[in-house]
Amino acid sequence: MRILYFSRDYTPHDHRFLASLAESEHEVFCMWLERRGHRQEERMLPAGITAVKWAGGQEPFRRGDRRRLLRDLKRVLREIKPDVVHAGPVQTAAWLTAKAGFRPLVTMSWGSDLLKDADSSARLRKATEYTLARSAALVGDCQAVRDKAAALGFDDDRIVTFPWGVNLDDFSPWNDDGGLRERAGWQEEFVILHNRSWEAVYGVDVFAKAFVLAAQQRPELRLFLLGNGSLAGEIRQILISGGALEKVQFVGQVSQKKLPAYYRAADLYISASHSDGSSVSLMEALASGVPALVSDIPGNREWINDGMQGWLFPDGDAHAL
């Protein structure tokens with residue numbers, strides 16, 4: 001069978017999915033909708049996966065690109081002649097595939113596309129309903145996504161739910177942190193880890209405000225702040241204004257090879273995300289033996305029982321956090 005895997009950008013999640021497909025007997029092609037700054041996945045495509053050159057995948061996706069990309073997508077479909085297209089997020093890659101008239105379409109939800117974007121505007125609601133009506137199946141990573149799709153009228157028998165999961169050989173509590181705390185001089189401090197992208201949907205501004213408030217009460221708090229994003233200037237200003245900048249180590253983008261050590265160096269993992277499916281970062285923290293303090297949203301409640309694996313706080317409430 002010929003499979004076309006069409007996703008937003010090349011991330012560690014895409015790499016793992018493609019690595020599994022590469023082990024199958026199928027002929028697999030892949031293509032990306034856009035390129036958003038620094039690519040999150042540095043590894044090459046798995047052996048046996050064929051990258052498709054097309055009009056997209058070189059710059060951020062804009063609504064004005066839709067007609068041009070749709071035209072070239074139709075060309076790709078004519079040339080490759082896939083037996084199935086696996087595409088997501090719902091309102092972008094999957095929507096373009098549906099507009100191209102291709103069947104059968106397996107739509108992949110990436111969590112926020114259904115849990116947040118589908119209700120953010122009439123246009124996106126219409127795009128969501130259009131895509132789902134033309135999808136043979138829907139793949140999602142949590143019960144919250146399944147429930148949302150069902151509420152939109154999608155047949156539950158055609159929904160497949162599975163979390164992305166983590167590699168337990170890499171993310172475990174049994175190895176050391178590679179000297180991260182020692183090099184930072186934080187052996188006796190209480191270390192927090194935050195590694196979500198610095199974008200509004202992940203509530204990083206809420207987290208930064210909460211860290212400032214907490215550090216004023218507990219001077220031993222320290223922070224490994226990973227990643228980057230469009231809110232970089234705002235986040236730095238919050239930390240500077242709150243007098244907490246010297247308590248933070250800005251780590252930047254971390255490779256998958258180095259990431260497990262940061263979890264093992266932390267006493268607490270925090271995510272203030274406003275929308276998540278089954279958060280891979282949360283699962284990586286739990287697999288590494290790190291308790292989690294996360295926003296009280298449906299995706300997180302599937303993994304955290306308050307007071308057991310960690311704690312929940314009201315979404316968006318920096319003071320509660």
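Visitor: Why is Glu59 called partly exposed?
Guide: Its relative accessible area is 36%. Buried means under 20%, exposed means over 50%, and partly exposed is what lies in between (1.4 Å probe, protein chains only). So Glu59, at 36%, is partly exposed. A word on the numbers: this is a predicted model, in which local features need pLDDT of at least 70 and side-chain atom pairs count only at pLDDT 80 or more, while totals for chains, interfaces and linings use all residues. Residues are numbered from 1 along each chain as its sequence is written, and side-chain values use heavy atoms, leaving out hydrogens and water.

Visitor: What makes the pair Glu59 and Arg62 a salt bridge?
Guide: Their closest N and O atoms are 3.2 Å apart. The rule asks for a side-chain nitrogen of Lys or Arg within 4 Å of a carboxyl oxygen of Asp or Glu. The pair therefore qualifies. Arg62 is partly exposed, with a relative accessible area of 44%. Glu59 and Arg62 also belong to a network of salt bridges, linked with Asp65 and Arg68.

Visitor: How many salt bridges does this rule give?
Guide: The count comes to 15. One of them joins Arg125 to Asp119, with the closest N and O atoms 2.7 Å apart. Arg125 is partly exposed at 30%, and Asp119 is partly exposed at 44%.

Visitor: What makes Arg8 and Glu34 a tie between parts apart in sequence?
Guide: They form a salt bridge, with the closest N and O atoms 2.5 Å apart. Arg8 sits in the loop between strand S1 (2–7) and helix H1 (12–22), and Glu34 in the loop between strand S2 (27–32) and strand S3 (49–51), so the pair ties together parts 26 residues apart in sequence. Helices (H or I, at least four residues) and strands (E, at least two) are DSSP runs, numbered from the N terminus.

Visitor: Why is Asp14 called buried?
Guide: Its relative accessible area is 0%, so it is buried. Asp14 lies in helix H1. Not counting residues up to four places away in sequence, Asp14 touches Tyr5, Ser7, Asp9, Trp32 and Trp110. Contact means heavy atoms within 4.5 Å.

Visitor: Why are H3 and H5 called oblique to each other?
Guide: Helix H3 (residues 90–99) and helix H5 (residues 122–133) pack at about 50 degrees, with axes 9 Å apart. Angles under 35 degrees count as roughly parallel, over 145 as roughly antiparallel, 65 to 115 as roughly perpendicular, and the rest as oblique. H3 and H5 are therefore oblique.

Visitor: Which residues of H3 and H5 meet?
Guide: Val90, Gln91, Ala94, Trp95, Ala98 and Lys99 in H3 meet Leu124, Ala127, Thr128, Tyr130 and Thr131 in H5. By class, this contact has 7 nonpolar, 3 polar and 1 charged residues.

Conventions. Axes fitted to C-alpha atoms, helices over the stretch in contact; angles between N-to-C directions. Nonpolar A, V, L, I, M, F, W, Y, C, P; charged D, E, K, R; others polar.
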